[in-house]
Amino acid sequence: MIDPVSGFPYPEAWVRLCTDEAARDLARSGFGVLTANGTVLRRGFTTGTTAAAAAFAAVASLAGAEVSEAEIVLPCGIPARVPACGRNGHGEAEKFAGDYPDDITAGILIVAEAKPSEMVLLAAGEGIGRFARATPRYGLGEPAISPQARAEILGAIEAACCLAGVAGAEVVLRIPEGARIGALTLNPKVGVFGGISVVGTTGFVEPWDDHLTETLGERIAAASDVVITTGRTGLRFSRLLFPACEVVLAGSKIAEALAAAEHCRSVVVCGLPGLILRFFHPEVATSRGFSTVEELAASAGGPAAMRAEVLDAVRRFPRVRVVLLDRDGAVLVDSREVQG
């Protein structure tokens, strides 16, 4: 059995421990994650998927009938039926967190208003955060909607237009509780104000509990050569760069992953700079006058700063090789090369 979201082949021992066939089917579909003790945890939906569902429902309802669910193709390629309500161009969807109890945006309502148009247009309304300053990827005042989420939402609108028989639609998204919830997130620290971010690389929110922490540790401890990565971009390119190694997606749990890798023959930490550099040095950006690692990396002194941070990291963790990548998979810093 292979997880269709991450591509991870589940060990046969884990599959045997899962005696509930419905739970196995959930894991096979990608809507659940099989853990080492046979438990299957439900994945939730991202804010991007939830916004796409609200937009779909709003546009599909322009045909005159009420809509009770949205047919979405997630960024990871898996089709999903997401609960949503649509009537007379008004759509709503609530964010489903799955088995992720600490999701601060769980249950948040995303609303879409749609009207026919000659083309597909998407606008961000109240409750969607905006950038208070220009960043390497976003301009001043732009809404905090990631490229993957925007593509997912636009795809949902286009599909709904076909269903409703209209050439296009103008859709305005808003999140009534966005400003309040956004203030409780990390958004203000990265220069996003007025709401939450609409994001999602795969369309799913990963579940996490003690079982998955154990699963992470078991996978790493069983490997001779392991690559620890922090996100989907790192996962994809780490598999290409280190095809003979066990590549493990640890997210922000780098400390737990490194502890589990104590007896591995080789250990690599590979991925985008943000989480990795902040793990080794939490004030890596702010100590240099930047709000985020992304801004630091894009600055004139960014390459030298990253090399210095990586050198310091491997001095403290001499068994670990650190490889920083950009979003296209190009190597920014490799501790092996920096050390000579």
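**Exercise 1. Is Phe31 buried, partly exposed or exposed?**

Solution. Start with the scale: buried means under 20% relative accessible area, exposed means over 50%, and partly exposed lies in between (1.4 Å probe, protein chains only). Phe31 has a relative accessible area of 21%, so Phe31 is partly exposed.

Before going on, a word on the model: it is predicted, so local features need pLDDT of at least 70 and side-chain atom pairs count only at pLDDT 80 or more, while totals for chains, interfaces and linings use all residues. Residues are numbered from 1 along each chain as its sequence is written, and side-chain values use heavy atoms, leaving out hydrogens and water.

**Exercise 2. Describe the aromatic pair of Phe31 and Phe45.**

Solution. Step one is the rule: rings of Phe, Tyr and Trp (its six-membered ring) pair if their centres lie within 6.5 Å; planes under 30 degrees apart count as stacked, over 60 as edge-to-face and the rest as tilted. Step two applies it: with 6.4 Å centre to centre and 85° between the planes, Phe31 and Phe45 are edge-to-face. Step three locates the partners: Phe31 is in the loop between helix 2 and strand 1, and Phe45 is in strand 3, 14 residues apart. Helices (H or I, at least four residues) and strands (E, at least two) are DSSP runs, numbered from the N terminus. Phe45 counts as buried, at 8% relative accessibility.

**Exercise 3. Work out the order and pairing of the five-stranded open sheet.**

Solution. Two strands pair if DSSP finds at least two bridges between them. The order is 16-15-17-18-19, with mixed pairing. Strand 16 and strand 19 are the edges, each pairing on one side only. Next, take the strands in turn:

- Strand 15 and strand 17 run parallel, joined by four bridges; Asp225 has Ser266 as a bridge partner.
- Strand 17 and strand 18 are also parallel, over five bridges, with Val269 partnered by Val322.
- Strand 18 and strand 19 are antiparallel, over three bridges; here Val323 meets Asp334.

Finally, check how covered strand 17 is: five of its six residues are buried.
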